[in-house]
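I hope they are handy as you look around.

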Amino acid sequence: MAKKTTGSNSISRRRLLTTASAGAVLAASPFRINLLQAQESTIKVGFPVPLTGPYGTEAQDQVRAAEVAIAEFNEGGGLNGRKAELLVRDDKLNPGEAATRTLELIEKEKVNFIVGSLSASVQLAVNNVTKERGIIYNSISQSDEINEAKDFSKYTFHEALTPHLTAGAVGRYAFPKFGKKVAFLTADYAYGHEMVRGFQEAGKAFGVESLIDVRHPLGTTDFSTLLPRIQALKPDILVISNFGRDQQIALKQATDFGMKKSMKIVAPILLYTGRLAAGAQAFEGVIGGTSYYWGIEDKLASAKAFNDRFRKMHGGKVPSDYGALGYAGVKALLMGAKAAGSLDTDKVIAAVEALKYDYYKGPEYYRKCDHQAVQSVLIIESKSTPQKGDADVFNVIATEEPNEKNLRTCEALGHKS
Amino acid sequence: MTQPAVPSAGWFDFAKRHRAILASIFVLVFPLVMPFTALAVNILIYGLYAVGFNLLFGYLGLLSFGHAALFGTGAYLCGIAIVHLGWPWYAAIVMGILGGAVMAAGIGALAIRTRGIYFAMVTMALSQCVFYLFYQAVDWTGGENGLRGVNVRTIDIFGLKLDFINPLTRYYVVAAFVILALFVLSRILASPFGAVIEAVRENEARARASGYDVTRTRLITFILSGAFCGLAGALMALHLSIVPIEILHIETSGMVVMMSLLGGMGTFFGPFVGAAVFLLLENLVSIWTVHWQLIVGAVFVICVLFFPAGIWGTILKRINK
Amino acid sequence: MAGLSFDLIALQLFTGLALGAIYVLFAIGLSLIFGMLTVVNFAHGAFYMVGAYVGLFLLSLGGNFWLCLVAVPLIVGTIGLVVERFLIRPLYGRGIDYPLLLTFGLSYVMVELIRIAFGKSGYPFDTPEILQGAVNIGVGYFPLYRLFVIGIAAAVLLGLWLFLERTSFGLIIRAGARDPQIVRVLGVNVSRVWLFVFGIGSGIAGLAGLLAAPLQGAIPEMGATILAEAFVVTVVGGMGSIGGAVIAGLLVGVVVSMTSLFAPEMAKVSIFALMAIVLLIRPQGFFGRAGLMS
């Protein structure tokens, strides 16, 4: 079968045109040639958070709050006129994706700082990438491990609470009030174990007797197989150490099983968004801890200022607990840069280490050995009937003031003094 | 009427004849046209993963829903070698390859006896077991938090010191391994064993009647598939400097199935194209909407219905017409 | 093992039965669809999830739970009919993997659509008032709602059995499972039968999702976890066997429940290990027919 017999050297004009136009489309598309990347002069803050996935709501609140921090910094003149810019990325609650995003932020966008992310495994992943490349990272979610010598580096900061601190604070409040016989229902992963450890450390001072520690796999949707065993032991307090959806389901089912009638249920941390999602019934009577609740604006001027700014920027909404961490995490680094008067990494680190600040919840500072933000813990209880609008879901029943002694010691974390 | 051997016009035939050079140029230029280099590396790695998977699925016809176990084992063993054993990078990569192969031998020995849909489910079940095993071995794997610290700063090779932190350097190192692996794979497929693989897929009874040990063929193919996927996993560990536990999730198994089909199973480069399309779609669609899974899922469904040969397979078909 | 009493074990057993009841309902549809159509429905979990959300939606419109019990399987079943007719039917004859792959992709699409419509975080699903609380079943207090679930599952099973054994349509289904060719030769429109079987299977899955919702809430990912576990049930029981799905479903529920008592972290592994063992020793499951898959 004879085909068109044009010689091998001549290329038809049509093909040339199609290829050229394809090339033009390619050049105009997002696939621009990286070699021609121009250097920007804004201060870039990378912000990988899980916009997709079960914590999307919390993540979006973190973005909103971070935007407040950026706006305040820019309005305050920035760093000698240089403004800051927030580069939000979706880490999909997946450490592998977070690592990829962090690489993109560092290698392509050339960010100055990175702040994020929700979930311990993601933080640790981001931290591993940033510390290898000398980029300052401020972690805004709970983790005990990020302060440990193994993962820590001088570039690592931790604005959020640690499980040990949170659990300890709640324990110190609950144990003297409700009794000594304690049962634990714990999510079987690092975070759960860390919470239990925090409770048990705190419990020692009160002579607490640990009746049982029932472990459940992450993502358990049915606690019915575990609850009867706990009920049979008749504890004074049931400590439920899990997070997010697991916590909502556990609380719901514990309520169904009628356990609230005979024991006090305590959780290390209660999420604002979780309370809204799970409803009043499940959270009724449950006591827990948190890093921030908007309601403290009645007593704290910095909280009111932050809340008002947030309301103004975001249509009257109030910030959630995790959202507020987004604000503080970004602000601390930017303020450090401002105090240092430069973006030189070592100078900024020194400046942030020296910061004594009250941005939204009272006085805070970063401990030197592990860059952990020493801060207060709020003890909260769910309100069954909101009085001040839909957001009025918690009562702050106690506040544990900032105290380094409540954190794990530097030695315990593996830091040599 | 004589048929002069005149080569016809067109880019495609030109490309066919200069395959190797063009492929090399493509690989060299690739990171520059991708939105960012780390994505290009991911595409290479997942492409290799999909190619390894495709050896079993496209060429032998066995649909496995548990390939994450092979990919993940390769990654973890490489990571463990570096973090806990302090081995140099090349030994760690070898560990990764061996890990994938040995795990494939283990799973294969159990799963090979079943076929069809059962094979898919056994592999899925066994890979779930592997997931829990690695999850529980917290001291070695970091458990839920993953294995951190797979930090390789410099690659010492033949006296050259390459800065592995530099994104382009990292890309080229990974690309070198991937190209080598693809070369090895093409040799395998061109070998007599490759012919046996095809024979078994086409007609198992006849292959057996012709004297080929079908079970052994299956097992060996599984192990080879495991080796390639293990290498991909090891490269992943080095690239991200972590091994996340999610690498052993069912989703990672499902992802490679999607990639292979999207690209075109039963073609050599199809899975690579599939991996590239999948990751690019994920990356680009994420910019416009958080609901990228909807788009990717819909594209996948459309492909299953209308383009079963996949994107690359359909392109090849059209051009060959 | 301090604290283990007969009461506790019995209570745990009941919990296992309640868990198993959901597995059974879910797995029956899967088994039916596979037995009749030789299609492994990877979207079955998505139908389950849609059932829970449809229930949520109906409740928000002002309906009550009893209405949902009837409406949800009908609605989800109809969706199943549409899916079979337009997405799966074109793929028959193309090889056993294709419908599987399609349903796999479809599940991504369905989950994401629900996320778009209802959000990512999931919703609480309150137990209907009448069914709240616990009753004393002799060995301890057991949630009333879970007893209800066991009851409903039994009722559905009975209805299904009657349908298959006593109606002519059921006869056709059973014949078609045994030999589709002969049934076609006899003039039966096999395509129509398959259409309805897919619809029935999906509808029951939707019902299972609705029943599960008060236990754990409605989240977009709820289908994925139960699908993997349901594969265990269908394989252990035997693909295509309803009776097998029932026995295996209850067995799996009890196994999960009892392992949770002794070693919670092994609970999930135990069922996959169980599946692997069954596959090695008796691949067709307890009640499946040998060679169903060649």
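1. Let me start with a loop in chain A. A:Ser117 sits in the loop between β3 and α4 of chain A. Please look at the peptide bond there: A:Gly116 and A:Ser117 are joined in cis, with omega at about -10°. Most peptide bonds are trans, and most residues other than glycine have a negative phi. Keep in mind that this is a predicted model, and I would be glad to hear what you make of this bond.

2. A:Leu93 is not a glycine, yet its phi is positive, at about 55°. Its place is the loop between β2 and α3 (95-108) of chain A. Is A:Leu93 buried or exposed? A:Leu93 counts as buried, because it has 22 C-beta neighbours inside 10 Å and the cut-off is 20 or more.

3. The other one is A:Lys234, again not a glycine, with a positive phi of about 50°. A:Lys234 lies in the loop between α7 (227-233) and β8 of chain A. With 11 other C-beta atoms within 10 Å, A:Lys234 is exposed, since that label applies at 12 or fewer.

4. Now for the sheet that β3 belongs to. Five strands of chain A form an open sheet with parallel pairing, in the order β2-β1-β3-β4-β5. At its edges are β2 (84-90) and β5 (156-158) of chain A, each of which pairs on one side only. From one strand to the next, the twist averages 20°.

5. Within that sheet, you can follow the pairing of β3 (residues 113-116) with β4 (residues 136-139) of chain A: the two strands run parallel and are joined by four bridges. One place to look is A:Phe113, whose bridge partner in β4(A) is A:Ile136. Helix α4 (residues 120-133) of chain A packs on the sheet and touches β1 (43-49), β3, β4 and β5 of chain A. The direction of this helix makes about 165° with that of β4(A).

6. A:Gly81 is placed in the loop between α2 (56-75) and β2 of chain A. A:Gly81 counts as exposed, because it has 7 C-beta neighbours inside 10 Å. From A:Gly81 to A:Thr42 the separation is 39 residues in sequence and 9.5 Å in space, taken C-alpha to C-alpha.

7. Next, helix α5 (residues 163-178) of chain A. How far apart should the ends of its 16 residues be? At 1.5 Å a residue the helix should span 22 Å, and its end C-alpha atoms are 21 Å apart, which agrees. There is a bend of about 25° at A:Gly171 in α5(A). After the helix comes A:Gly179, with a positive phi near 140°.

8. α5(A) is mostly covered, with 12 of its 16 residues buried. Among them are A:His164, A:Val170, A:Tyr173 and A:Phe175, as well as A:Gly171, the residue at the bend. The buried residues pack against α6 (190-204), β8 (237-241), β9 (264-269), β10 (287-290), β14 (377-382) and β15 (394-400) of chain A.

9. There is another open sheet in chain A, with three strands in the order β11-β12-β13 and antiparallel pairing. β11 (356-357) and β13 (373-374) each have a single partner strand, so one side of each is left without a neighbour in the sheet. Two bridges join β12 (residues 364-366) to β13(A), and A:Tyr366 has A:Ala373 as its bridge partner.

10. For chain A as a whole, the secondary structure comes to 13 helices and 15 strands. Of its 417 residues, 56% are buried. Among contacts with a separation of 6 or more, 69% are between residues 24 or more positions apart.

11. Finally, the contact between chains B and C. Here 33 residues of chain C touch 31 residues of chain B. On the chain C side, the elements giving two or more residues are α4 (97-118), α9 (222-237) and α11 (267-281) of chain C. The largest share, 13 residues, comes from α4(C). By type, this side of chain C divides into 26 nonpolar residues, one polar and six charged.

Notes:
Residues are numbered from 1 along each chain as its sequence is written. Chains are lettered from A and ligands numbered from 1 in the order in which they are written. This is a predicted model: local features need pLDDT of at least 70, side-chain atom pairs count only at pLDDT 80 or more; totals for chains, interfaces and linings use all residues. Two strands pair if DSSP finds at least two bridges between them. Axes are lines fitted to C-alpha atoms, for helices over the stretch in contact, and angles run from 0 to 180 degrees between N-to-C directions. Two residues are in contact if their C-beta atoms, placed from the backbone, lie within 7 Å. The expected span of a helix is 1.5 Å times one less than its number of residues. The bend at a residue is the angle between axes fitted to the seven residues ending there and the seven starting there. Ala, Val, Leu, Ile, Met, Phe, Trp, Tyr, Cys and Pro count as nonpolar, Asp, Glu, Lys and Arg as charged, and the others, Gly among them, as polar.
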